[in-house]
Amino acid sequence: VLTEYLTKADVEADIAAINEILDNYALAMIAGDLDLWMSFYTDDTIKMAPDGPAAFGKEELRAMMKPLFDNFTFEEMAIFDVEIQVAGDWAFCRCNFTATMTPKAGGEPLYMDAKDLCTYKRQADGSWKIYWDCWNSNVPPAAPPVE
């Protein structure tokens, strides 16, 4: 139940704020900044990545993601929103993303082409954070495509 009526300008501002999170999320991955990346999530977040159990809360999320940040460098990452819907203090985002990640120990880079579905919660200060995050790959990770 919506507790207040959102104007078109309110919704547009919320969508812009969520798109900013998507941009900064990608930049945090490229920078290898796990702490910044973690700041986009609620304390009670649930992340459901493919091929493994879900992470419940920030402690489990950090444990899930630390090996990725420790062992790979993200050379590129781009996130493209497909649809964002705002409903009061909740928002829903469906997007696609691509990334190229290189093992820090050496080896061929891996290319990701994936999709994501997130639920965002409005925080007490009016900002948005990711609450539920579920993603999977469109194709198995592989070498970057040849252009």
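How many aromatic pairs does a search of the whole structure find? The search finds eight such pairs, where rings of Phe, Tyr and Trp (its six-membered ring) pair if their centres lie within 6.5 Å, with planes under 30 degrees apart counted as stacked, over 60 as edge-to-face and the rest as tilted. The model is predicted: local features need pLDDT of at least 70 and side-chain atom pairs count only at pLDDT 80 or more, while totals for chains, interfaces and linings use all residues. Residues are numbered from 1 along each chain as its sequence is written, and side-chain values use heavy atoms, with hydrogens and water left out.

One of the pairs joins Tyr 25 and Phe 40, whose ring centres are 6.4 Å apart and whose planes stand at 35°, so this pair is tilted. Tyr 25 is buried at 12% relative accessibility, and Phe 40 is buried at 10% (buried means under 20% relative accessible area, exposed over 50%, partly exposed in between; 1.4 Å probe, protein chains only). Tyr 25 and Phe 40 also belong to one aromatic cluster with Trp 37, Tyr 41 and Phe 69.

A stacked pair is formed by Tyr 131 and Trp 132, with centres 5.0 Å apart and planes at 25°. Tyr 131 is buried, at 13%, whereas Trp 132 is partly exposed, at 41%.

The largest nonpolar core has 36 residues, and Tyr 25, Trp 37, Met 77, Ile 79 and Tyr 120 have the most contacts inside it. Such a core is a set of buried Ala, Val, Leu, Ile, Met, Phe, Trp, Tyr and Cys residues joined through side-chain atoms within 4.5 Å.
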